[in-house]
Amino acid sequence: MNALPAGLQRLQLRADVHELSRLAAWLQELFAELGATARDRFRIELALTEAVMNIVTHASGPGVEQGVTLDATVTARTLSVRLSDAGAPFDPLAAEAKALPTTLADAVPGGAGLILIRKYSDDAHYARVDAQNLLTLGFNLEHIAGRQVGVDFALCQTHPLLGGLPPPMLQQILGLCAQRELVADEVLLHPGSLNLTLYFLLRGNLQVHMADDAHSRSLSVKAGEIIGEMSIIENLPVYARVTAEGAVTVLAMPAEVFWERYCSNPALIPPLLRSLIRRMRRTNLALQEELERRIRYEMLQRELESAARIQTDILPVHQPLLESPLVDAHPCFKPARTVGGDFYDAITLNRHRVAVAVGDVSGKGMPASLFMMRTVSLLRMILLRYRDPARVLPELNRQLCQANDECMFVTLAVLILDTDTGVLTYLNAGHNPVLVARAGQPFEVWDAPAGMLLGVNEKAVFMPKECTLAPNDAVVLYTDGVTEAENADRKMFGLDRTLAALAPAGQRQSAASLIGGLETALAAFVQGAPQSDDVTVLALTYRGPLLPDGSHWNGRSTRQPFAKGHTSPGR
Amino acid sequence: MQLDISTLEQGVVCVKLNGRLDVDATLQIDNPFTFRVATIKQPVVVDLSQVEFIASLAMRMLVKSAKALDNRGGKLVLASPTAQVREALTVSGIATIIPMADDLAQACKLALGGMAP
């Protein structure tokens, strides 16, 4: 596609050096049409001048008389010019460039043309087609933000750094500048780009973004200020991204105009310096705040990570979970965030009594995590201290109600199993019901009064339930992260799917295979949809009062001693 | 294309070029420039601050004159090129063989300092 007016698409030059002035005139029109930057104008004119000069002065053969034809093609961001001539075959891109001289004595005048053609074009091709030399030079045009409009003299006079100029001088300087209008969010300056323009902000606000991430704050530049001065003064690439906050009007002053015309007025220098220093102070302050914010954020991040480590460290992960070979317990623990509010526990109380628990602390993040750790510690202490299961929840509740200004609460299900008798005591404080599979039957909900939440009411009453398990009966504790797990259609996994996934495949199902079956079914259901809540499950299988060989357990742990990262058993 | 000649401190000759050093302009000033620069013995500073464009033909003119002056024991220094002219002089290798200064005072120093005693 060619967006150029027909009159600008082609230029034909005779083979005469004086024709170069026609090239310059044609290019001026072309640049005006493209709104090319000063730098682009310079390099495009230089590359094309050298290419035409090369043809005009060096071409030989009968076709020379026809001169050279230039065909220009333009896209939004590129200009491509094809030069064709009928001279003897010559590829300026393949011609060996003379090595650059290192001393004046070695220097031979001339010969820089070929180097300049190559260095100043972004893309160059040569072909010999139909007895013609075809040299195509491509240029990526520098982005110029905004739409160019006529310079508004009165508006420019309102800018404090322009209004101080005597009007005739201002008029003269404005003649060398461009006024541009940007729409909201349009980028004026890209970090890393070369900037040769000073922008006077005439209307609207600009945002200077120090870093390119969403958390980073930006600095506002208001009408009456300037932007781009840093890169011009230092002659370094732009360091920040500058965008328009809403509709913005700027006056774009080329760096040369700034240095040579603007700065030659001594009266303008003090206000300019004042403006620069004010901006510098604000930038420093913003950078400092940004840095402090980042440091705080990173510290918090590290604390969260260590909290998550402490949290997982407090939960038992050794295998088997319980020392007694008469029971088999296995957990599944998947926090939704780094620090979650779900927990499980498995405690050997004495040679024939074990306890397992699953709980869910209200809320998420750090406070929930701390309350969870407090709950786990207290529960262990109370279970070990009180033989009477009926005292466990009231005592835990009383302690959690104390110093609970945050009004956090926890739901909890605890199972205490006597492995000699199979008597199972079930304690529930507002938690999901326990699932139980007895005598080879499928899992079902063990209906029991749920009891009150812990940590809310000191006088809450809890009703322990009891039943007797037969060998190979199994129980499962879970949090609502399981039943409320959602798939992409926002459908919940639900209790029925949970029960179905736990349906025993054979008689002696291990706790690990029960958990594995549930995990597989859950993963197949959610299909990778993001997990919104912690998922915690604990399965417990009762093997019976005797070991497989019919003997009694002597109380010695079957746990591997010195399992990596954990304390040795028996302590 | 204008050619303004003045004398700076200690007899340094300043040749100020104004406008575009394109092919046409260079063809016009090549002879007068070379004549003025290459026939004197004083050090020469070429003020490029008002030069908006430079083609290789003009670079050739500068090298030719600098060489001629060098052969006679003189010295030519380029002064105050604009960013784009400086880049073009660097790309083409001229900046490594002809001394270049950011302003006239520095250029004068370079021009004088390089003189044979």
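Author: The questions that follow set values against definitions, beginning with the conventions. This is a predicted model in which local features need pLDDT of at least 70 and side-chain atom pairs count only at pLDDT 80 or more, while totals for chains, interfaces and linings use all residues. Residues are numbered from 1 along each chain as its sequence is written, chains are lettered from A and ligands numbered from 1 in the order in which they are written, and side-chain values use heavy atoms, with hydrogens and water left out.

Reader: Why is Asn432(A) called buried?

Author: Buried means under 20% relative accessible area, exposed over 50%, and partly exposed in between (1.4 Å probe, protein chains only). Asn432(A) has 16% relative accessibility and therefore counts as buried. Asn432(A) is placed in the loop between β19 (423–429) and β20 (435–437) of chain A. Contact means heavy atoms within 4.5 Å; leaving aside neighbours within four places in sequence, the partners of Asn432(A) include Tyr426(A), Tyr478(A) and Asp480(A).

Reader: What makes the pair Arg39(A) and Glu87(B) a salt bridge?

Author: The term requires a side-chain nitrogen of Lys or Arg within 4 Å of a carboxyl oxygen of Asp or Glu. The side chains of Arg39(A) and Glu87(B) meet at 2.7 Å, N to O, and the pair is a salt bridge. Between chain B and chain A the count is 2 salt bridges.

Reader: How is the area buried between chain B and chain A expressed?

Author: It is the accessible area (1.4 Å probe) that two parts lose on being put together, summed over both. For chain B and chain A the value is about 2500 Å², with carbon and sulfur atoms giving 64%. On the chain B side, Gln84(B), Val91(B) and Ile97(B) lose the most area to chain A, together 24% of what that side buries. In terms of contact, 30 residues of chain B meet 33 residues of chain A.

Reader: How do you know that helix α8 of chain A reaches close to its expected span?

Author: Helices (H or I, at least four residues) and strands (E, at least two) are DSSP runs, numbered from the N terminus. The expected span is 1.5 Å times one less than the number of residues. Helix α8 (residues 269–314) of chain A has 46 residues and reaches 67 Å from its first C-alpha to its last, close to the 68 Å expected. Among the buried residues of α8(A) are Leu272(A), Arg279(A) and Gln311(A).

Reader: What makes up chain B by helices and strands?

Author: Chain B has 5 helices and 5 strands, in the order β-β-α-β-α-β-α-α-β-α along the sequence. Of its 117 residues, 54% are buried.
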